[in-house]
Amino acid sequence: MKALSALIAAAALFGGIQLFHGGSGESAADEVAPSNSYRLVANGDEAACAVSRGAEISDGLSLLAVAPKCRRLLPGIEQAKFWREQNDGTVAFSANGVDAIVTFAAADGDGYESYAPAAPLLSLAATGDSKSGD
C-alpha cells in the first residue's frame, strides 16, 4: 500500500512539473527576454545612436532613454522620454507619453522602421546587450 501511495505521489509531482513547464521540457526561466537596448539608424546606416527601453510605467507605456547624439538623426528625438507600444504593434517615442515625435511599424525580422515623420527613414533594431554606450 505504501508503494502505491509513493507511486501516486511521484506521478503527481512529475505531472505538476510538466504542467509548470508547459510540457516542453524547458523552464520559464530559460525563455529569452526581449531586448531593451536598440540601435537607431538613419537612412541605411548613414548615422546611428543608442536608445534604451526602460521600466514599464503602465500597459504599453515604458520609460525611454535616447542618447544625445540621436538629435543628428532626427532633431527633437533626444527629448523623447517614453516608448508607447500600441495593440497593432506600432511603437511611438514621445516627450509626454502621448504626442509622438516618431512612430515605428514592425519591419521584417525583429526590428522597426519609422513611417512618421516620412523623412528621414529610421530603423530600430535590438542590439542584444543591456547597455547603451552611444
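Gln-86 is partly exposed, with a relative accessibility of 38%. In this predicted model, Gln-86 sits in the loop between E4 and strand E5, the latter spanning 91-94. Leu-61 is 25 residues away from Gln-86 along the chain, and the C-alpha atoms of the two are 8.9 Å apart.

The loop that holds Gln-86 belongs to a chain with 1 helix and 8 strands.

A covalent link comes next. The sulfur atoms of Cys-49 and Cys-70 are 1.8 Å apart and form a disulfide; the cut-off for such a pair is 2.5 Å. The count of disulfides is 1. Cys-49 belongs to strand E2 (residues 47-58), while Cys-70 belongs to the loop between strand E3 (61-66) and strand E4 (82-85), so the bond ties together parts that lie 21 residues apart in sequence. The torsion about the S-S bond of Cys-49 and Cys-70 is about 105 degrees, and the disulfide is therefore right-handed.

Are the two cysteines, Cys-49 and Cys-70, buried or exposed? Cys-49 has a relative accessibility of 0% and so counts as buried. Cys-70 is buried too, with a relative accessible area of 0%. The threshold for buried is under 20%, and Gln-86, at 38%, is partly exposed.

For the protein chain as a whole, 31% of the 134 residues count as buried. The accessible surface comes to about 8500 Å², and carbon and sulfur atoms account for 56% of that surface. Of the contacts between residues at least 6 apart in sequence, 33% join residues at least 24 apart.

Key: Residues are numbered from 1 along each chain as its sequence is written. This is a predicted model: local features need pLDDT of at least 70, side-chain atom pairs count only at pLDDT 80 or more; totals for chains, interfaces and linings use all residues. Side-chain values use heavy atoms; hydrogens and water are left out. Helices (H or I, at least four residues) and strands (E, at least two) are DSSP runs, numbered from the N terminus. Buried means under 20% relative accessible area, exposed over 50%, partly exposed in between (1.4 Å probe, protein chains only). Contact means heavy atoms within 4.5 Å. Accessible areas come from the Shrake-Rupley method with a 1.4 Å probe; for residues, only the protein chains shown count as cover.
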